[in-house]
Structures are given as C-alpha cells and as structure tokens.
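Colleague: I am new to this structure. Could you show me how to read its ligand sites?

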Amino acid sequence: MVKICCIGAGYVGGPTMAVIALKCPSIEVAVVDISVPRITAWNSDQLPIYEPGLDEVVKQCRGKNLFFSTDVEKHVREADIVFVSVNTPTKTRGLGAGKAADLTYWESAARMIADVSVSDKIVVEKSTVPVRTAEAIEKILTHNSKGIKFQILSNPEFLAEGTAIEDLYQPDRVLIGGRETPDGFKAVKALKDVYAHWVPEERILTTNLWSAELTKLAANAFLAQRISSVNAMSALCEATGANVSEVSYAVGKDSRIGPKFLNSSVGFGGSCFQKDILNLVYICECNGLPEVAEYWKQVIKINDYQKTRFVNRIVSSMFNTVSNKKIAVLGFAFKKDTGDTRETPAIDVCKGLLGDKARISIYDPQVTEEQIQRDLTMNKFDWDHPLHLQPMSPTTVKQVSVAWDAYAATKDAHGICLLTEWDEFKTLDFERIFENMQKPAFVFDGRNVVDAEKLRKIGFIVYSIGKPLDQWLKDMPALA
Ligand SMILES: NC(=O)C1=CN([C@@H]2O[C@H](COP(=O)(O)OP(=O)(O)OC[C@H]3O[C@@H](n4cnc5c(N)ncnc54)[C@H](O)[C@@H]3O)[C@@H](O)[C@H]2O)C=CC1
Ligand SMILES: O=C(O)[C@H]1O[C@H](OP(=O)(O)OP(=O)(O)OC[C@H]2O[C@@H](n3ccc(=O)[nH]c3=O)[C@H](O)[C@@H]2O)[C@H](O)[C@@H](O)[C@@H]1O
C-alpha cells in the first residue's frame with residue numbers, strides 16, 4: 001500500500017488529503033501537524049476549518065485510510081510520498097522584510113524529513129514558494145540524507161477557499177513539476193498516478209520544476225490583477241456615472257477576456273494574493289527586473305487604495321466624522337463560505353473606522369469574537385505563522401462588539417457596511433433594520449450584494465461600489 005504523509009494540516013493540507021483519501025482507497029494518508037489543537041479538531045466533530053462538503057469527506061475516510069496525527073516523525077518515516085503544506089508567510093524582519101517569503105517552516109520540515117527518513121522518498125512542495133525553492137530544499141535533503149534518495153516535485157495547489165472540495169474534485173488543472181532526469185520522470189509519474197484516480201489525464205500538466213513553481217505565483221498574480229483592474233474601473237465608474245457591473249459584464253462577454261473574477265469589491269483578501277504578489281515582486285527585484293516588480297506592485301497599491309477609498313466614502317458621507325457613531329459591519333471573513341479572516345479587507349476597513357473613533361458592531365456567521373479581536377490587534381503578517389507562534393492578544397478593542405445576528409448588529413446603528421457577500425445578507429428584512437436604525441440610515445455595500453434601489457425606496461442612503469452615486473454622496477465627495 002502506497003503511504004502518503006502531509007506535513008501541515010491547514011486549509012490546503014486538510015481538504016487536499018481528505019479528497020486524495022476519498023478518491024484513492026488503496027492509499028493510506030496521514031496528515032500531521034505540530035499544532036495539537038488543530039489535530040485534535042481534525043479528529044473531532046468540529047473540524048478546525050469551515051469548508052462546504054468537507055465534513056462528509058472526512059467522516060467517510062477518517063480512521064479508514066485517513067489519519068490526523070501529531071506524531072510527525074513516525075508518519076514521515078513510513079511515507080513513500082511526503083507533501084509539505086506548511087506556512088510560507090511574508091518575512092517580517094531581516095533581508096526582504098515585508099516582501100520575501102519566510103521559508104523557516106519549510107526548511108525545518110525539510111531538515112526533519114532528512115533526519116528521520118530511512119527509505120527513499122518523493123517530497124512534494126504543496127506550499128506556495130519562491131521560484132527555485134526546490135533547489136534549496138534538495139540541498140538540505142541531500143546534505144543531511146545519509147545516502148537516502150529524495151526526488152523533489154512541485155505540485156502547487158490551486159483550490160480556492162469556500163469551494164475547496166469542488167475544486168479538488170474537478171480541478172481545471174493539476175500541475176506537477178519535476179527534474180528532467182530518469183528518476184525525476186519516475187517521481188512525476190508516481191504522483192500523476194495518484195491524481196489519475198479521478199482527474200482526467202489531459203488536466204494533469206507536467207513541467208520542469210521552475211515552471212511549476214513560477215506558474216503558481218503567476219496564476220495568483222493574474223487573478224489578483226483582474227480584481228484590481230475592475231476595482232480601478234469602479235472608481236472611474238463612480239466619477240462618471242457608469243455602472244461597474246454593466247461594464248464588467250460587457251467586458252467579460254469578450255471571449256478573449258471571459259466573465260470570471262471581474263466582480264468589483266472593497267478589495268481582495270485571503271492568505272495568498274498579497275503574500276504571493278509581494279513574493280513575486282521581491283523575486284523580480286532580486287533578478288534585476290525593477291520595471292517588472294513595479295508593474296506587479298500596482299496590483300497591491302490599487303487594492304489598498306480601494307479599501308482606503310471605501311473608508312473615506314463612509315466617513316465623508318456621514319458628515320465627515322464617524323466619531324462615536326455605531327457602524328454595523330456585516331461580514332468579516334475574506335469571502336463567503338469560509339471562516340478564514342486572513343488579510344480580509346474587513347480588518348483594514350474596521351481599523352480605518354476605529355481610527356476615526358467609530359463604535360463597531362460586527363456580525364459574521366462563521367467568524368468568532370476571539371478571532372475578530374485577534375485580527376484587530378495583531379501586527380501585519382503575524383497571522384500567517386503557526387498558531388502556537390502567534391502573539392497572544394491580551395488586549396481587546398473596546399469600541400468593537402460582536403453580535404449574534406445582523407439584526408442585533410444593526411440595532412441603533414448609524415450606518416451598515418457589507419464586507420462579505422454571505423448569501424443570508426441578500427434576504428435580510430431591511431424594512432425592519434431601517435426602523436431600528438438612527439436616521440439618516442446609511443448602507444455601504446462593499447460587495448454589491450444588496451438591491452440598492454429597493455433599499456433607497458425604504459429610505460436608506462446607499463453606496464454601492466462602482467455604481468452611480470446617490471445625490472447625497474455626490475454632495476459629500478470623498479477624498480481618496
Ligand atoms: N489557503 C489556501 O487557500 C491556499 C494556500 N496555499 C499555500 O499553501 C500553504 C499552506 O497554506 P494554508 O494551508 O492556508 O496554511 P495554514 O496555516 O492553514 O496551515 C499550515 C499548517 O502547517 C503547520 N506547520 C507549520 N510548520 C510545521 C512543521 N514544521 N511541521 C508540521 N506542521 C507545521 C501549521 O501548524 C499549520 O497548521 C501556504 O504556502 C499557502 O500559500 C496554496 C493554495 C491555496
Ligand atoms: O493560492 C491561494 O491561496 C488561492 O488563492 C485564491 O483563492 P482564495 O484566496 O481562497 O479565494 P478567491 O476566490 O480567489 O478570492 C480571493 C479574494 O478576491 C476577492 N474577489 C474574488 C473575485 C472577484 O471577482 N472579486 C473579488 O473581489 C474575494 O472576495 C476574496 O477576498 C485563488 O483563487 C486560488 O486559485 C489559489 O489557490
């Protein structure tokens with residue numbers, strides 16, 4: 001029986017290994033992690049991450065051919081294929097701070113693999129890493145290996161949170177990069193055989209190692225670039241009376257452009273887009289390509305601009321101050337169908353409002369109060385380290401409260417910010433909400449989820465990203 005071990009039981013390692021176990025009953029899969037609470041949760045009824053469809057997959061396989069364990073060394077030693085899906089955060093200090101990927105966790109995993117191995121292994125880069133990381137990993141493994149042979153493969157993950165199970169069942173592509181040597185080809189084939197249990201052959205692409213590593217960074221940069229492009233247009237739409245939804249729909253009808261990933265928003269969030277683009281920028285700079293670095297930096301600049309613009313719009317329309325006003329924030333996760341808050345635009349928007357002394361009441365169906373308080377007190381990039389290494393958050397932000405539902409959050413509020421596109425926000429009883437709010441009552445829709453015309457009829461002043469502005473908003477222009 002082939003044995004797979006995955007180091008890192010996070011948003012990628014957990015779902016990916018669960019699907020491999022489900023689709024390959026003949027393979028034994030162990031997911032290991034240094035975080036005891038995470039592994040305990042994976043072995044309980046309350047999984048550590050919320051992902052539609054994940055519970056069923058885990059329930060079907062756990063204890064049969066899917067195991068979650070903190071005994072990292074044992075499972076690595078026994079495995080034929082070791083996936084490494086550990087954190088690769090942005091460096092916070094030293095060379096490349098604020099841009100370069102911090103490979104501390106990857107390096108320590110590689111050293112441990114070399115230490116404990118007693119048989120040849122295929123080591124798979126699942127984490128997103130800088131291009132040519134495999135070369136460094138190879139050096140660590142071979143210098144410490146006592147004659148054991150390792151083949152390194154790059155198999156970057158393309159799943160998106162909220163649709164992870166669907167993405168894993170039917171991936172647009174599975175990319176495997178390996179050394180172009182007989183042993184390298186053999187290793188690529190072994191991994192291809194795993195995916196071939198359920199992925200059609202034409203969707204499994206094989207390349208050299210560097211192409212696979214760079215493709216991952218390129219794909220995320222292209223995706224984020226589309227969002228920044230449409231968000232840049234949203235500002236121009238507001239200035240000119242055009243409607244960003246109409247513009248992006250019509251632009252997307254061009255089959256060369258396509259309709260996906262053109263939703264204007266308060267900004268993209270999530271653990272990867274910003275981190276991976278910063279990493280790409282750093283690699284370009286290190287390779288003497290400042291113009292290319294500058295080009296990609298703009299994607300992040302526009303994303304920051306979009307968040308600032310949103311906050312400024314709120315403050316300026318509410319008579320240029322939100323001091324001591326209650327603002328209800330509906331949605332804190334970085335997108336719907338996940339409880340993940342890493343780099344969520346809600347953090348920057350809330351911090352911006354707090355900077356102007358607002359009182360904030362937050363409701364999100366999947367994010368806990370503890371998480372929200374942590375996010376609002378943590379330093380930039382600290383969130384992306386393993387849980388036990390993250391700073392504790394002894395302080396709480398007093399002006400922030402967390403509500404059980406949207407009605408409680410909006411009671412007596414002066415304004416509402418919609419920051420995540422949860423389906424339940426589309427069917428809220430806005431007449432009831434309006435009655436219980438201070439007047440004039442404002443809605444700032446950062447995701448274009450509400451029917452603005454309907455809300456205006458109720459009496460709200462509505463701001464929707466990239467849409468023609470209410471007279472009220474035109475009279476109170478926001479300075480970006
Ligand atoms: N979250 C996502 O949707 C995607 C993430 N990625 C990439 O995958 C990688 C992992 O991301 P996530 O799963 O989101 O991170 P995560 O933070 O959810 O999980 C990483 C896990 O690795 C564990 N870990 C760290 N060092 C370890 C070690 N030495 N031994 C054992 N366990 C260790 C941590 O405790 C943590 O539970 C990152 O490189 C990320 O860029 C790629 C595609 C999608
Ligand atoms: O490397 C990664 O981590 C992953 O990053 C993204 O996945 P994810 O961040 O989970 O979610 P997305 O659906 O890409 O959304 C990212 C952010 O962009 C925003 N977004 C997305 C699409 C859009 O049209 N507009 C928009 O503002 C979302 O609301 C969210 O805040 C990619 O889609 C995955 O392919 C990739 O594997």
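Modeller: Start with ligand 2. Its shell takes at least three residues from each of domain 1 (3-199) and domain 2 (242-464). Those domain bounds come from an automatic or database domain assignment. The model is predicted: local features need pLDDT of at least 70, side-chain atom pairs count only at pLDDT 80 or more, and totals for chains, interfaces and linings use all residues. Residues are numbered from 1 along each chain as its sequence is written, chains are lettered from A and ligands numbered from 1 in the order in which they are written, and side-chain values use heavy atoms, with hydrogens and water left out.

Colleague: Which residues come nearest to ligand 2?

Modeller: A residue is near a molecule if one of its heavy atoms lies within 4 Å of it. Around ligand 2 there are 20 residues, and Phe158, Leu159, Ser265, Cys272 and Arg447 come nearest. Helix 9 (residues 209-240) gives the largest share of this shell, 4 residues. Helices are DSSP runs (H or I, at least four residues), numbered from the N terminus.

Colleague: Where is Ser265 found, and is Ser265 buried or exposed?

Modeller: Ser265 sits in the loop between helix 10 (244-252) and helix 11 (273-286). Buried means under 20% relative accessible area, exposed over 50%, partly exposed in between (1.4 Å probe, protein chains only). Ser265 has 5% relative accessibility, so Ser265 counts as buried. Contact means heavy atoms within 4.5 Å. Leaving out residues up to four places away in sequence, Ser265 touches Ile227, Asn231, Gln306, Gly446, Arg447 and Ile465.

Colleague: What polar atoms lie by an oxygen atom of ligand 2?

Modeller: A polar contact here is a pair of N or O atoms within 3.5 Å. A polar side-chain atom of Asn220 is 2.8 Å from an oxygen atom of ligand 2. For an N or O atom in the side chain of Lys335, the distance to an oxygen atom of ligand 2 is also 2.8 Å. The protein covers 90% of the 700 Å² of accessible area that ligand 2 has on its own. Such areas come from the Shrake-Rupley method with a 1.4 Å probe.

Colleague: And ligand 1: which residues come nearest?

Modeller: Of 26 residues around ligand 1, Asp33, Arg38, Thr88, Glu161 and Lys275 come nearest. An N or O atom in the Lys275 side chain lies 2.6 Å from an oxygen atom of ligand 1. The protein covers 94% of the 830 Å² that ligand 1 has as accessible area on its own.

Technical notes:
Polar contact = N/O pair within 3.5 Å; in protein donor to acceptor, adjacent residues only side chain to side chain. Helix = DSSP H or I, 4+ residues; strand = E, 2+ residues; numbered from the N terminus.
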